[in-house]
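Trainee: I am new to this structure. Can we walk through it together, one question at a time?

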Amino acid sequence: MAKPSSSYVCQSCGASFSKWSGRCEACGEWNSIVEEKPLSSGPAKKSLGAKRGATMVLSDLAANEVPPPRTTSGMEELDRVLGGGLVPASAVLVGGDPGIGKSTLLLQAAARFARQGVKTIYVSGEEASAQVRMRAQRLGLADAPVQLAAETNLRDILTTLETERPGLAIIDSIQTMWADNVDSAPGSVSQVRAAAHELVSFAKKRGVAVILVGHVTKEGQIAGPRVVEHMVDTVLYFEGERGHQFRILRAVKNRFGPADEIGVFEMTGGGLAEVGNPSALFLSDREEAAPGSCVFAGIEGTRPVLVEFQALVSPSTLSQPRRSVLGWDAGRLAMILAVLEARCGIPFAGLDVYLNVAGGLRVSEPAADLAVAAALLSAREDAALPREAVVFGEISLSGALRPVGQTENRLKEAEKLGFTTAIIPDRSKAGGKGGLSVRSYPDLAGFVGDMFGAG
C-alpha cells in the first residue's frame with residue numbers, strides 16, 4: 001500500500017497546499033506554512049472493529065438503542081441554549097472575547113452539573129489549580145465536588161479522562177492544548193485541529209460530554225480552522241460589551257436543539273446571574289419619551305425579546321457624513337436610508353447618522369427594519385414616538401412593509417410588559433390582539449405620513 005503523502009497547511013488561515021512555499025496564497029502570511037504528516041490508514045480490521053464498522057438498520061437502532069436522557073444543570077438559561085440540557089457523548093465549543101466571562105460561566109456550570117450528580121473534571125491550560133480554586137471561592141463554589149486539573153499535554157489529559165471516566169469534561173482552552181505527535185507550537189492550526197479531533201473522538205467513544213473553550217480572533221471568529229466548528233455538535237458564542245453588565249450566550253450551531261437560541265446573564269460581583277426576563281432588563285434603564293428612541297419587539301431563538309433602538313441624526317461638517325452602527329448591520333442601515341430617500345423623499349445627505357441597540361445586544365433579523373426607520377425619522381424630525389409603542393416589520397426596496405414571523409408572540413410579550421400600541425405591517429397574522437391597539441400600514445410612505453406628517 002502506498003504511503004499517503006504529506007500536506008502543507010498554513011498556521012494562520014488553515015489553507016492546505018501540495019508543496020511548501022514561503023508565502024501563503026490564501027491569507028498572504030509569510031513563513032506560516034508547515035508540513036503535516038497524515039495518519040497511517042493501517043489494516044482495515046485493526047482500524048475498524050466489527051462493532052464500529054458494521055452497519056445497522058435504522059429501525060433496529062431506534063428499537064434497541066434508546067438515546068440517554070439529557071442532563072440539566074439547573075441554570076435555565078444555559079439549558080435553554082443547549083436545547084434542553086447536556087447530551088451525553090456530545091462536544092460543545094464555547095467561544096468569546098478575552099475577559100468576557102467564559103471561564104466564570106463554565107466554572108459555575110461545572111459546579112451545577114457536579115451538584116446534580118454528574119462526575120465533572122475541569123481541566124485548565126491557562127491557570128494553575130490553586131488559581132481556579134481561588135476563583136471558585138470568590139464565586140461561592142468552593143464546596144462543589146468538581147475535580148480540577150492544570151495540564152496542557154493532550155496525552156496526559158486523555159489518560160486521566162480514560163481512568164476517571166467522568167460524565168463531563170471541560171477543557172479551558174483548546175488553544176493551550178499540545179499534542180506531542182504534531183510538530184508545531186501550541187495554539188497553531190495543526191495543534192488546535194489535532195487536539196479537537198482527539199477530544200471529540202474520545203467523547204463519542206466513551207460517552208463523555210466534552211466542553212471546549214475557544215478564543216476569538218479580531219474578526220470575531222473562533223481562532224483556528226473553521227473545521228473545529230464542524231467537528232463539534234454545538235457551537236456557542238458568549239457575547240457582550242465591556243461597558244454593559246449583560247452577557248449573551250448564543251447558539252450558532254446545535255445538532256440537538258434550535259440554533260440562534262440565546263441565554264441572557266448579568267455580570268455581578270458574585271459571578272454570572274441568570275436573567276429570566278431579558279426584555280424587562282434591556283428596557284429597565286429606558287428614559288422618558290425622547291426623539292430617536294424606538295422599542296423593537298424581536299425574536300431571539302424561540303422567545304420574544306424587546307430592545308430599544310436609539311438613533312441620533314446631526315448636521316455633518318464632513319464631505320462624507322458618518323454612518324456609525326452598534327448592534328446592527330451597517331449594510332442594512334444604508335439600505336433603509338436609501339429607501340427613505342427614494343420612496344419617501346426624505347434625504348439624509350449632509351447628516352451624520354448614529355444607531356445603537358441599547359444593552360449591548362446584537363440584532364440580526366430583518367424584522368427590525370421598521371423600528372430602525374422609525375428611530376431615524378424620530379431623530380431627524382426631533383419628534384418623539386409614543387413611549388408605550390412597539391414597532392416591527394420588514395422593509396422591501398419598493399418601500400412596502402412585509403409581515404414577519406411569530407407576530408402573536410411579539411405582541412404578547414409587548415402587552416405583558418405594559419405596552420399599549422403596536423405598529424406593524426398590513427397582512428400580519430396578529431391573532432388575538434388582547435389589550436393592544438394595533439396600527440398597521442401597507443408601506444413605509446403611509447407610516448411616515450401618518451406618524452410624522454411627511455412622505
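Predicted model: local features only at pLDDT ≥ 70, side-chain atom pairs only at ≥ 80, totals over all residues.

Trainee: How much of the protein chain is made up of buried residues?

Mentor: A residue counts as buried when its relative accessible area is under 20%. The protein chain has 455 residues. The buried share of them is 47%.

Trainee: How many helices and strands does the protein chain have?

Mentor: Both kinds of element occur in the protein chain. The count is 14 helices and 21 strands.

Trainee: What share of the contacts joins residues 24 or more positions apart?

Mentor: Take the contacts in the protein chain with a separation of 6 or more. Those between residues 24 or more positions apart account for 66%.

Trainee: Which strands stand at the edges of the open sheet of 9 strands?

Mentor: The order is E6-E5-E7-E8-E4-E9-E10-E11-E12, and the pairing is mixed. An edge strand has a single partner, so one of its sides lacks a neighbour in the sheet. The edges are strand E6 (147-150) and strand E12 (271-274).

Trainee: What is the average twist in that sheet from one strand to the next?

Mentor: The value is an average over steps from one strand to the next. It comes to 25°.

Trainee: In which sense do E4 and E8 pair, parallel or antiparallel?

Mentor: E4 covers residues 91-96, and E8 covers residues 209-215. Gly 96 has His 215 in E8 as its bridge partner. The two strands share 6 bridges, and the sense is parallel.

Trainee: Which strands does helix H8 lie across?

Mentor: Helix H8 spans residues 189-206. Its direction runs at about 160° to E8. The strands are E4, E7 (168-172) and E8.

Trainee: Which strands stand at the edges of the open sheet of 3 strands?

Mentor: Here the order is E2-E1-E3, with antiparallel pairing. E1 (residues 7-10) pairs with E2 over 2 bridges, and Tyr 8 stands opposite Phe 17 in E2. Each edge strand has a single partner, so one side is left without a neighbour in the sheet. The edges are E2 (16-17) and E3 (33-36).

Trainee: How many disulfides are there?

Mentor: Two cysteine sulfur atoms must lie within 2.5 Å to count. Cys 24 is in no disulfide, as the nearest cysteine sulfur, that of Cys 10, is 3.7 Å away. The count is 0.

Trainee: Is Cys 24 buried or exposed?

Mentor: The cut-off for buried is under 20% relative accessible area. Cys 24 has 0% relative accessibility, so Cys 24 is buried.

Trainee: Why do the buried residues of helix H14 lie on the same side of it?

Mentor: In H14 (residues 444-452), the buried residues are Leu 444, Phe 447, Val 448, Met 451 and Phe 452. An α-helix has 3.6 residues a turn, so residues three or four places apart point the same way.

Note on methods: Residues numbered from 1 in each chain as written. Heavy atoms only, no water. Buried < 20%, exposed > 50% of the residue type's maximum accessible area, 1.4 Å probe, protein only. Helix = DSSP H or I, 4+ residues; strand = E, 2+ residues; numbered from the N terminus. Pairing = 2+ DSSP bridges. Axes fitted to C-alpha atoms, helices over the stretch in contact; angles between N-to-C directions. Contact = heavy atoms within 4.5 Å.
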